[in-house]
Amino acid sequence: MGFKDLREYIEFLRRNKNILEISDEVSTELEIAYLTREATYSKMPALLFTNVKNFPEWKVITNIFNSLNVFYNIFGSNKLEEISGKFLDEFLGQLPTTFFEKIRSFAEMSKLGKVFPKSKKPVFELHEEYSLDKFPALRTWPKDAGRYFTFSITITKDPDTEVHNLSVYRIQLVNQKEAIVHWQAFKRGSITANKYLKKGITKVPVAIINGVDPITTFVAASPVPPGLDKYLFAGILRQEGVEVTRLDNGILVPANAESVIEGYVDLNDVRLEGPFGDHLGYYTPADFYPTLKVERIYVRDQPIFHATSVGKPPLEDAWIGRAVERLFLPFLKMIVPELVDMNLPEYGLFTGIGIFSIRKTYPGQGKRAMMALWGVGQLSLLKMIIVVDEDVNVHDINQILYAISSTVDPKRDVLIVDNVLTDSLDHTTPHPPLGSKIGIDATRKFREEVGREWPEEVSDDPEVVKRMEKILKKIKDQYPLSK
Ligand SMILES: Cc1cc2nc3c(=O)[nH]c(=O)nc-3n(C[C@H](O)[C@H](O)[C@H](O)COP(=O)(O)O)c2cc1C
């Protein structure tokens with residue numbers, strides 16, 4: 001846990017034989033992206049490209065989040081929900097306040113001292129001669145609009161609270177000093193930009209960093225509750241504060257980053273971004289996003305560039321989604337207390353389908369839970385929510401199919417909500433970012449919900465089960481496949 005930087009993590013991968021070094025010459029034009037996707041699909045380890053055509057000074061690393069196992073290694077546990085659960089128990093206790101009040105009071109908690117960001121001299125240096133075209137940004141699919149930063153982190157700072165936000169947004173390079181930042185309307189980057197706009201400020205100070213420790217990168221791709229500083233959250237997960245340094249424009253950046261671009265996003269200069277081959281496996285059409293204007297570029301000696309490619313699942317974003325699902329389950333339970341477990345399946349595209357089990361104690365609770373879930377952060381993007389009872393294993397597709405088939409009357413138990421916020425990348429929506437949602441209440445129903453008693457489920461006579469125990473074992477021993 002708590003890798004200092006990307007290089008320390010690469011050393012860890014080397015020690016565990018979890019990285020392949022590729023010395024064949026490969027291009028940033030489609031080739032690295034293709035090999036990266038094939039590596040993820042084939043469950044291969046991280047790839048370190050050491051001979052990148054036209055970028056001799058750079059190494060490019062991809063596929064670092066190639067499975068859920070990677071997160072078990074990074075966090076030193078295969079029970080990710082226990083990590084966040086322990087934190088919530090330890091720091092929040094049972095205070096009779098709301099979740100968000102608790103989150104706001106984090107800063108006052110002296111216990112958190114060690115996980116706060118710490119000031120450190122940067123390892124990167126200012127390069128006056130540098131420009132965006134010198135970075136080994138990737139063209140990932142043949143019809144992408146250009147070369148992109150795909151795993152760079154955009155850092156903004158709330159103009160009132162100083163809370164820092166780190167987010168993975170793709171960035172399309174336009175020329176030596178300009179690029180387009182694809183922050184979707186409801187993401188923290190865009191929300192912060194609107195705060196500046198309200199104050200009459202149209203130049204939002206930002207830093208675009210690349211190549212940091214894996215937990216900080218993961219946090220940047222995670223839906224951390226609004227108001228909670230992502231440096232602080234990264235420090236909590238790393239169990240050690242992130243080492244940072246302040247740029248001239250006031251933004252704090254990780255002091256050990258491989259590269260840092262300092263500048264601002266000009267909200268008065270919106271340009272067509274895309275098309276881009278996206279995580280649904282389709283090209284998202286071009287749309288308008290604001291432009292990054294570069295002021296200064298800092299690069300580390302012998303730099304390493306972190307990149308990825310998205311496409312049809314399951315690629316790296318799917319495994320990040322899985323880790324998010326596990327780590328954020330305890331947070332979600334604070335908001336939806338009846339929640340027992342959840343499954344955001346890789347092939348459900350993370351924003352497509354979510355399956356949730358609840359402890360149902362009153363009529364109508366299935367639909368109530370689905371409405372609550374649609375109201376929480378990025379779960380608001382979910383196109384389909386299936387709610388099942390607590391005894392259904394949400395990770396077993398057959399149990400889910402059985403729950404749907406044995407509890408659902410479509411007219412009564414299916415909810416369709418129209419004209420609500422959906423994933424703006426979803427090409428199926430009629431008027432992005434608005435579309436419809438479907439909720440399926442696959443819980444057993446109460447009398448009030450069906451107008452009569454719910455029928456009794458079959459179950460064995462316990463006396464017979466006891467009497468037959470030995471005979472059944474004998475039969476099963478003769479037929480090993482039944483074990
Ligand atoms: C590889 C990758 C690329 C992503 N690209 C984008 C993007 O271009 N735009 C976007 O809004 N979110 C993108 N995301 C998702 C965000 O990183 C994610 O929603 C994260 O929680 C940031 O949201 P926040 O700024 O609200 O915290 C991407 C995620 C990954 C893993």
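Trainee: Which elements each supply at least two residues of the shell around the ligand?

Mentor: β8 (164-168), α6 (188-198) and α9 (316-335) do that. Helices (H or I, at least four residues) and strands (E, at least two) are DSSP runs, numbered from the N terminus. Before we go on, this is a predicted model, where local features need pLDDT of at least 70, side-chain atom pairs count only at pLDDT 80 or more, and totals for chains, interfaces and linings use all residues. Residues are numbered from 1 along each chain as its sequence is written.

Trainee: Got it. Which element gives the largest share of that shell?

Mentor: That is β8, with three residues.

Trainee: And which residues come nearest to the ligand?

Mentor: Ser167, Val168, Arg170, Gln184 and Arg188, out of 22 residues around the ligand. A residue counts as near if its C-beta atom, placed from the backbone, lies within 6 Å of the molecule.

Trainee: How does the shell split by class?

Mentor: Nine residues are nonpolar, nine are polar and four are charged. Here Ala, Val, Leu, Ile, Met, Phe, Trp, Tyr, Cys and Pro count as nonpolar, Asp, Glu, Lys and Arg as charged, and the others, Gly among them, as polar.

Trainee: New topic: how is the chain divided?

Mentor: Into domain 1 (77-306) and domain 2 (336-450), with bounds from an automatic or database domain assignment. Taken over C-alpha atoms, their centres are 30 Å apart. Ten residues from domain 1 and nine residues from domain 2 make the contact, which is counted when C-beta atoms, placed from the backbone, lie within 7 Å. On the domain 1 side, six of the touching residues are nonpolar, three polar and one charged.

Trainee: What does UniProt place at residues 319-442?

Mentor: An unreviewed entry there has "domain: 3-octaprenyl-4-hydroxybenzoate carboxy-lyase-like C-terminal" at those positions. UniProt positions are in the numbering used here, feature names are shortened, and annotations may be inferred rather than shown by experiment. In the model, that span is 34% helix and 27% strand, with its end C-alpha atoms 27 Å apart.

Trainee: Now the sheets. What is the strand order in the open sheet of five strands?

Mentor: The order is β19-β20-β21-β23-β22, with mixed pairing. Two strands pair if DSSP finds at least two bridges between them. β19 (339-343) and β22 (414-421) are the edge strands, each pairing on one side only.

Trainee: How do β19 and β20 pair?

Mentor: They are antiparallel, over four bridges, with β20 covering residues 353-358. Asp341 is opposite Ser357 in β20.

Trainee: Which strands does β17 pair with, among them β14?

Mentor: β14 (residues 259-273) is one of them, antiparallel to β17 over twelve bridges. β10 (residues 178-181) is also antiparallel to β17, through three bridges. Strand β5 (residues 125-126) joins β17 (residues 287-299) by two antiparallel bridges, with Glu125 partnered by Val299.

Trainee: Last one: what about the open sheet of three strands, what's its order?

Mentor: β4-β12-β13, again an open sheet with mixed pairing. β4 (118-119) and β13 (252-254) each have a single partner strand, so one side of each is left without a neighbour in the sheet. β12 (residues 243-246) runs antiparallel to β13 over three bridges, and Arg246 stands opposite Leu252 in β13.

Definitions and conventions. Two residues are in contact if their C-beta atoms, placed from the backbone, lie within 7 Å.
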